Amino acid sequence: MKFFIDTANLEQIKEAEALGILDGVTTNPSLMAKEGITGEDNIINHYKKICDIVDGDVSAEVISTDYEGMIKEGEALADLHPNIVVKVPMIKEGIKAIKYFSTKGIRTNCTLVFSVGQALLAAKAGATYVSPFIGRLDDISTDGLHLIEEIRLVYDNYDYETQILAASVRHTMHIIECAKIGSDVITGPLSAIEGLMKHPLTDSGLATFLADYAKGNS
Ligand code: G3P
């Protein structure tokens, strides 16, 4: 399973990259704004900085909602770096744009996916990744992980190559359950990724080993 970090914070991206297990980065306009990155030029520069840090796929989102605008923006984003994946919203114009990009060999991430029907359309249009937002479904009392299961089933039925990128991951159990279901990718905050390594028995075991070593060497 690939691990992406879902942030525009360069320090956190560097920290995740230093772990050696990072496969990519996802961002969105809200995450950019959270870091104070606004305006087209600043956003473009920020994508370049992210691509310099991580040797993996970097999702860059189009802002246009019309087909022509998405194509223009997406082509410019794809030209920035070979690792850029153009992130396109799951709307009618977005599906058309994903189809266009797939015929041009430009990789895409279909975002804001909340149903299996939407995921099916994204795959048929040739999306490289589909991003179901599991945390936001959980927020409204709907089982986000169940959506990942359904999409896995449908994609496997027809051998769709579109990769399931579980997004809006909020915590470690989301990651573990996604791994059990067979999600191809998760994207989440650094805290959720780092949470995977924590166990009190690891901490107490290490403390004992170090204390016993110190006794023998004092
Ligand atoms: O990957 C999608 C993500 O950025 C949305 O996460 O936590 O705002 O639902 P969240």
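A salt bridge here is a side-chain nitrogen of Lys or Arg within 4 Å of a carboxyl oxygen of Asp or Glu. I applied that rule and got nine salt bridges.

I noted the ground rules next. This is a predicted model, so local features need pLDDT of at least 70 and side-chain atom pairs count only at pLDDT 80 or more, while totals for chains, interfaces and linings use all residues. Residues are numbered from 1 along each chain as its sequence is written, and side-chain values use heavy atoms, with hydrogens and water left out.

**Entry: Glu61 and Lys87**

I looked up this pair and found a salt bridge at 3.8 Å, N to O. Glu61 lies in strand β3 (residues 57-61) and Lys87 in strand β4 (residues 84-89), so the bridge ties together parts that are 26 residues apart in sequence. Strands (E, at least two residues) and helices (H or I, at least four) are DSSP runs, numbered from the N terminus. I then checked burial, where buried means under 20% relative accessible area, exposed over 50%, and partly exposed in between, with a 1.4 Å probe and protein chains only. Glu61 is buried at 12%. Lys87 is buried at 4%.

**Entry: Arg152 and Asp184**

I read an N to O distance of 3.1 Å for this salt bridge. Arg152 sits in helix α8 (residues 144-158), and Asp184 sits in the loop between α9 (172-181) and β8 (185-188), so the pair joins parts that are 32 residues apart in sequence. Arg152 is buried at 13%. Asp184 is partly exposed at 24%. I also found Asp156 in a network of salt bridges with Arg152 and Asp184.

**Entry: Lys215 and Asp212**

I found their side chains in a salt bridge at 3.0 Å, N to O. Both residues belong to helix α11 (residues 200-216), three residues apart, about one turn of the helix. Lys215 is exposed at 61%, and Asp212 is partly exposed at 40%.

**Entry: nonpolar cores**

I counted as a nonpolar core a set of buried Ala, Val, Leu, Ile, Met, Phe, Trp, Tyr and Cys residues joined through side-chain atoms within 4.5 Å. The largest has 57 residues, and Ile13 and Tyr155 have the most contacts inside it. Helix α8 gives the largest share of this core, six residues. I listed the contacts of Ile13 (heavy atoms within 4.5 Å), leaving aside neighbours within four places in sequence; among them are Ile5, Leu22, Val25, Ile50 and Val54. I noted a second, separate core of seven residues, including Phe4, Val85, Leu165 and Ala167.
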